[in-house]
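Here's a quick briefing to keep beside you while you look the model over. Have the viewer open and follow along.

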Amino acid sequence: MAPIIETRSLTHIYGAGTPFEHVALDNVDFTAERGELIAFIGHTGSGKSTFVQHLNGLLKPASGQVLFEGEDIWSSKEKTRAVRSRVGLVFQYPEYQLFEETVRKDIAYGPKNMGLSAKEIEERVIEAAEFSGVSEDMLDVSPFELSGGQKRRVAIAGVMAMRPSVLILDEPTAGLDPSGRESVLENIDRYHRSTGSTVMIITHDMDTAARIADRLVVFNHSKIAMSGTPAEVFSQDEKLFSMGLAVPSATKVAHELRLRGVDINAAAFTLEQVVEELLRAKEAGKC
C-alpha cells in the first residue's frame, strides 16, 4: 500500500529569477504512513511551513512531486481540489481567520463547501466540536466573544469537521498559556487516537514533540536533516545543538549528567526515563 503522502525531490524557490531568489526546499524526499503522528522541528526559516503548505496543494513545487495515496496531486485540477479536503491544514494563529456570525457557522463552513447535506454538516459540527474541546453552549455565540484559547479550538474544529485523512497543524499551541497548550495537545492526541488519521504538527516546543510524536522530522537549511523516533533523534543531542535547536528539558538534564560522568542512556528524553536511568546507575554504583 502506498504511503498516504509522499514527496519526491520536492523543491520550492521563492523569488525565482530575481535578486531575492531563495531556495526554501531543496530536493526533499519524505513519506508519511497512515495513522502516524509526526512532529516537524527545525529553526525558523528551515523550510517546515513551506513544506507542509505543499502537502495540500497550497503551494506548487518548482520541481519534484507531491503524491497523495500514490497519485500526483498536481496531475489534474480535480485532483488538486480533492486533496484540499482530504489534507486539512491549520495555520499558525488560525483564530484570526474566524469570520462567521456564530461558532456553529464557522465550524460548518468547510463541510458546507463540500456540498454535504444539512444533517451531515450538523453531525460533523458536533463531532468536531467535541474533539476540539468546544462546548455545546459555545456553538451559538459569536466567535469574537471567546477567549484566545477558545478561538483556537474553534478554528481547529473547523478543519476537523472536514474529516481530513491528514490533519496538519502549524504551531497549534503558539501564544497560549500552559493550561491552553495542554488542552489543545490533549484534544489533538484524542482526535488522532479516535480517528486513526495521520496527524502532523510543526512545533518549536521540544517537550511537546518528545511527548506526543511517533516520529520526528528535523528540517535544517531547506532539507530534512534527521528523521526517526523521539529516542533516536534526541539521543543525537550534539547534532541538534549544532543546528541551533533545543532538546527536551529531560534531555538537557541527561546531557549535563553525562558530562559529569554519570552513565545515562543518551536515548532518555522524558523525566521518567531519566529517573529510571539514575536509579539504574545508582544501583550499579556508577553515580
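Predicted model: local features only at pLDDT ≥ 70, side-chain atom pairs only at ≥ 80, totals over all residues.

Strand 6 and strand 7 run parallel and are joined by four bridges.

**Strand 7 and its neighbours**

- On its other pairing, strand 7 is joined to strand 8 (residues 198-202) by five bridges, and these two strands run parallel.
- T198 in strand 8 is the bridge partner of V166.
- Strand 7 (residues 166-170) is largely enclosed by the rest of the structure, because five of its five residues are buried.
- Both faces are covered: V166, I168 and D170 are buried on one side, and L167 and L169 are buried on the other.
- In a regular strand, side chains alternate between the two faces of the sheet.

- Strand 9 (residues 215-220) pairs with strand 10 in the antiparallel sense, over five bridges.
- N220 has K223 of strand 10 as its bridge partner.

- Two bridges hold the antiparallel pairing of strand 4 (residues 63-68) with strand 5, where F68 stands opposite E71.

**Nonpolar cores**

- In soluble globular proteins, nonpolar side chains tend to be buried together.
- The largest nonpolar core here has 48 residues, and those touching the most other members are I107, L167, L169, V199, L216, V218 and L240.
- Helix 5 (residues 148-160) gives the most to this core, with six residues.
- What does L167 touch, leaving aside residues up to four places away in sequence? Its contacts are G88, V90, V159, M160, Y191, T198, V199 and M200.
- A second, separate core has 24 residues, including I5, L10, I168 and F219.

**Pocket and cavity**

- The largest pocket has a volume of about 630 Å³.
- It is lined by 24 residues, and L89, Q97, Y109, V159 and M162 are the closest to its centre.
- Helix 2 (77-86), strand 6 (87-90), helix 3 (103-113) and helix 5 are the elements that give two or more residues to this lining.
- Helix 3 gives the most to the pocket lining, with five residues.
- How many cavities of 30 Å³ or more does the structure hold? There is one.
- The largest cavity contains about 30 Å³ of space, lined by S132, R153, I156, M160, V184, N187 and I188.
- Helix 5 and helix 6 (178-195) each supply at least two residues of that cavity lining.

- V103, D106, I107, A108, G110 and P111 are the buried residues of helix 3.
- These buried residues pack against helix 4 (118-132) and helix 5.
- Just after helix 3, G115 takes a positive phi of about 80 degrees.
- G115 sits in the loop between helix 3 and helix 4.
- Is G115 buried or exposed? G115 counts as exposed because its relative accessible area is 64%, and the cut-off for exposed is over 50%.
- G115 and G244 are 129 residues apart along the chain, and their C-alpha atoms are separated by 46 Å.

Note on methods. Residues numbered from 1 in each chain as written. Heavy atoms only, no water. Pairing = 2+ DSSP bridges. Core = buried A, V, L, I, M, F, W, Y, C linked by side-chain atoms within 4.5 Å. Buried < 20%, exposed > 50% of the residue type's maximum accessible area, 1.4 Å probe, protein only. Contact = heavy atoms within 4.5 Å. 1 Å grid on protein atoms, 1.4 Å probe; cavity = no way out; pocket = protein on both sides within 12 Å on 5 of 7 lines; lining within 4 Å. Points joined across faces, edges and corners; volume = space filled by probe spheres on them.
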